[in-house]
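Please read it with the structure open beside you.

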Amino acid sequence: MDHDKEGSGDGSASALKQKQLEDWLPVTASRNAKWWYSAFHNLTAMVGAGVLSLPYAMAHMGWGPGITVLILSWIITLYTLWQMVEMHEREPGGKRNDRYHELGQEAFGEKLGLWIVVPQQLLVEVGTCIVYMVTGGKSLKKVHETFCPDCKQIRTSYWIIIIASVNFVLVQLPNFNSISGISLAAAVMSITYSIIGWAASVKKGVIADVDYSIKSESMSDGVFHFFTALGDVAFAYAGHNVVLEIQATMPSTPEKPSKVPMWKGCVWAYIGVAICYFPVAFIGYYVFGNSVMRNSVDDNILITLQRPPWLIGMANLFVVIHVVGGYQVFAMPVFDMIETFLVTRLNFQPSTVLRITTRSLFVGITMFVGICIPFFGSLLGFLGGFAFAPTTYFLPCIIWLKLKKPRNMVCLGQSIG
């Protein structure tokens, strides 16, 4: 009996320690978010730097495939987003899958779930943070060149360091809800610079001798660029990698489960996605055609545009604000993983010093990679097919079939058996 009591005491102590850890970790520390938090967090995560490269992606796919891919991606990813929101809790008031890898573990097992989800999720989130470093640096450079054309040119790497210096400060905010104001500002900026992007294209008018044909040096080159364009589209819909972590910040009761306010916010976010993505992609391609492949040194439409200079300069400043906010949203789940590993596996004590050290180191690494590989965004369009598409398009459906076991699938399995 004494042994049983001792075991029970150890179990209670372990549960208490786990609760204290969850109350400290950035994803689960605060659960008082409202539905509009879901709206602007998801909008910030979704409408990122990827929207600016959609005309470039269209140029590699052409009108028919491009329109089809973009519209189907919007529909499919909205559906897979609904699946993930529904699977956050198996039943109202039950166990919550607060992290993507926890959902993977429930579907595939403790170890296999981690190996399936974590590498892909980290590639998406860390890769996006690096892209945002580079995009922020390039956009800040464009702002400088626009408002001070006669000033001495400054290398992009220095602008990336400036972006990193801002992130060094902001990443110290402890949890998701503490970055709500930054995320809201980023969401507003994303809608604003997207509107400026297509509105400035309309004002510019269709360029002379516009050409919508797909040009490539060889068949293999054309196929490579087509799949790279698909990777760019997948990158534009990468918000699924943080959706469960966003939902984890919401309160949940049997009477009102977290999926209710979360889904309401997701619907509004996807309306914002449509407002941003489709006009930028279609109008940008209509105005420039495949010249975005030939004449532009960058796949960012705001850097391609030159006039009116004050408006393009302001739009690039809005991009800077957005990527700084987006960096926080995508970095928060990474911090959660790192801090969990350090505390549970390496026995570090949860502390402010630990948090400052690990987060500053992360910003430093993403800054270093961004400076060394300024073309990382182009590379990510290719690599993104290995992680962005699976975690957004395929994996939610596979997990849904695994956990929900739809009646039709059960009947099919029984008939085969």
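**Notes on the predicted model**

1. Leaving out residues up to four places away in sequence, Y237 touches M46, L70, S73, W74, T77, Y270, V273, Y277, F278, T392 and Y393. The model is a predicted one, and all that follows should be read as a description of that prediction. Y237 has a relative accessible area of 0% and is therefore buried, since buried means under 20%.

2. The largest nonpolar core has 94 residues, and V233, Y237 and Y277 are those with the most contacts inside it. Helix α14, residues 309–344, gives the most to this core, with 14 residues. There is also a second, separate core of six residues, and L21, W24, L25 and L342 are among them.

3. The structure holds 13 aromatic pairs. In one of them, Y79 and W82, the ring centres are 5.8 Å apart and the planes meet at 25°, so the pair is stacked; the cut-off for stacking is under 30 degrees. Both residues lie in helix α4, three residues apart, which is about one turn of the helix.

4. Y237 and Y277 make an aromatic pair of the edge-to-face kind, with 5.2 Å centre to centre and 75° between the planes. This pair links distant parts of the chain, 40 residues apart: Y237 sits in the loop between α9 (219–236) and α10 (243–247), while Y277 sits in helix α11 (residues 259–288). Y277 is buried, with a relative accessible area of 0%, and Y237 likewise has a relative accessible area of 0%.

5. Q121 is a polar residue to check by eye. Q121 lies in helix α6, residues 110–147, and counts as buried because its relative accessibility is 0%. Setting aside neighbours within four places in sequence, Q121 is in contact with Y100, H101, N241, E245, M337 and T391.

6. The structure holds eight salt bridges. One of them joins the side chains of D98 and R31, at 2.8 Å from N to O.

7. D98 has another salt-bridge partner. The side chains of R96 and D98 meet at 3.8 Å, N to O. R96 is buried, with a relative accessible area of 14%.

8. K259 and E86 form a salt bridge whose closest N and O atoms are 3.3 Å apart. K259 lies in helix α11 and E86 in helix α4, so this pair ties together parts that are 173 residues apart in sequence. K259 is partly exposed, with a relative accessible area of 29%. E86, at 19% relative accessibility, counts as buried, the cut-off being under 20%.

9. Which residues are linked in a network of salt bridges? They are E22, R99, E102 and D336.

10. On the surface, I67, I71, L72, I75 and I76 form a nonpolar patch, with about 390 Å² of accessible area together. L72 is placed in helix α4, residues 63–87, and counts as partly exposed at 45% relative accessibility.

11. Helix α4 holds L72 of the nonpolar patch, the stacked residues Y79 and W82, and E86, which pairs with K259 in helix α11.

Key:
Residues are numbered from 1 along each chain as its sequence is written. This is a predicted model: local features need pLDDT of at least 70, side-chain atom pairs count only at pLDDT 80 or more; totals for chains, interfaces and linings use all residues. Side-chain values use heavy atoms; hydrogens and water are left out. Patches are made of residues with over 30% relative accessible area and no salt bridge: like charges are joined within 9 Å, nonpolar side chains (Val, Leu, Ile, Met, Phe, Trp, Tyr) within 5 Å. Accessible areas come from the Shrake-Rupley method with a 1.4 Å probe; for residues, only the protein chains shown count as cover. A salt bridge is a side-chain nitrogen of Lys or Arg within 4 Å of a carboxyl oxygen of Asp or Glu. Helices (H or I, at least four residues) and strands (E, at least two) are DSSP runs, numbered from the N terminus. Buried means under 20% relative accessible area, exposed over 50%, partly exposed in between (1.4 Å probe, protein chains only). A nonpolar core is a set of buried Ala, Val, Leu, Ile, Met, Phe, Trp, Tyr and Cys residues joined through side-chain atoms within 4.5 Å. Contact means heavy atoms within 4.5 Å. Rings of Phe, Tyr and Trp (its six-membered ring) pair if their centres lie within 6.5 Å; planes under 30 degrees apart count as stacked, over 60 as edge-to-face and the rest as tilted.
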